[in-house]
Amino acid sequence: MNQDHTDPLPQIDELDEKILRLITKNARIPFLEVARECGVSGAAIHQRVQRLLNLGVVSGSEFIVNPSKLGYNTCAYMGLFLDKAKYHTQVVEALKKIPEIVECHYTTGSYAIFIKIQTKTNNHLKRIIDEELQEIDGLARTETFISLEMEFKRQVPIK
């Protein structure tokens with residue numbers, strides 16, 4: 001029995017794509033401006049965006065905090081090795097308790113888990129590794145990559 005666990009893709013037309021391009025470029029753009037760009041009413045844009053939200057194509061909007069403006073000057077990525085695969089859930093629950101960990105991915109390849117961590121300094125990073133990560137039951141070891149500079153970050157392309 002072949003089971004594909006992916007959800008069916010929602011039906012997205014050209015107007016939806018144009019709306020997505022505009023609102024992902026600037027989440028604070030007024031719906032009336034989007035309506036003018038798209039040549040439809042503000043109510044139509046509101047309905048379309050609400051539909052995209054309901055379909056899960058987009059989720060809310062957010063302000064992005066610049067970590068360095070709050071003193072978080074070290075960005076690192078860490079590959080985590082587990083003692084056994086069965087420890088995955090308990091390790092992830094422990095990782096959630098460390099606020100400096102801003103992303104956590106269950107991965108294939110060498111690492112069981114891959115995380116992104118923002119710290120104020122390299123010493124702050126070392127302290128989290130020594131005092132928090134190494135205390136997690138089921139976590140065998142880590143491999144750390146310090147990011148020197150983010151070259152770019154972007155959303156997936158919209159058609």
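This is a predicted model: local features need pLDDT of at least 70, side-chain atom pairs count only at pLDDT 80 or more; totals for chains, interfaces and linings use all residues.

Modeller: Tyr-77 stands opposite Phe-145, a residue of β4. Strand β1, residues 74–82, runs antiparallel to β4, and eight bridges join the two. They belong to an open sheet of four strands, ordered β2-β3-β1-β4, with antiparallel pairing. Its edges are β2 (101–106) and β4 (139–147), each of which pairs on one side only. On average, and with direction ignored, neighbouring strands of this sheet are turned by 20° against each other.

Two helices are in contact with the sheet. Helix α4, residues 88–96, packs on it and touches β1, β2, β3 (113–119) and β4. The direction of α4 makes about 10° with that of β3. Helix α5, residues 122–131, lies across β1, β3 and β4 and runs at about 135° to β3.

Now the packing of helices on each other. Two packed helices are described by the angle between their axes and the distance between the axes. Helix α1 (residues 14–25) and helix α2 (residues 31–38) have axes that come within 10 Å and cross at roughly 135°. The crossing of α1 past α2 is right-handed. On the α1 side, the contact is made by Leu-15, Lys-18, Ile-19, Leu-22 and Ile-23; on the α2 side, by Val-34, Glu-37 and Cys-38. By class, the residues of this contact are six nonpolar, two charged and no polar.

Helix α1 also packs with α3, at an angle of about 85° and with the axes 11 Å apart. Because of that angle, α1 is roughly perpendicular to α3. Here Leu-15, Asp-16, Ile-19 and Leu-20 of α1 meet Ile-45, Arg-48, Val-49, Arg-51 and Leu-52 of α3. The contact of α1 with α3 has six nonpolar, three charged and no polar residues. Leu-15 and Ile-19 are named in the contact with α2 and again in the contact with α3.

Arg-48, one of the α3 residues in that contact, also forms a salt bridge with Asp-13, where the closest N and O atoms are 2.8 Å apart. The pair links distant parts of the chain, 35 residues apart: Arg-48 is in helix α3 (residues 42–55), and Asp-13 is in the segment before α1. The count of salt bridges in the model comes to five.

Notes:
Residues are numbered from 1 along each chain as its sequence is written. Side-chain values use heavy atoms; hydrogens and water are left out. Two strands pair if DSSP finds at least two bridges between them. Axes are lines fitted to C-alpha atoms, for helices over the stretch in contact, and angles run from 0 to 180 degrees between N-to-C directions. Contact means heavy atoms within 4.5 Å. A crossing is left-handed if the near helix is turned anticlockwise from the far one by less than a right angle, and right-handed if clockwise. Ala, Val, Leu, Ile, Met, Phe, Trp, Tyr, Cys and Pro count as nonpolar, Asp, Glu, Lys and Arg as charged, and the others, Gly among them, as polar. A salt bridge is a side-chain nitrogen of Lys or Arg within 4 Å of a carboxyl oxygen of Asp or Glu. Angles under 35 degrees count as roughly parallel, over 145 as roughly antiparallel, 65 to 115 as roughly perpendicular and the rest as oblique.
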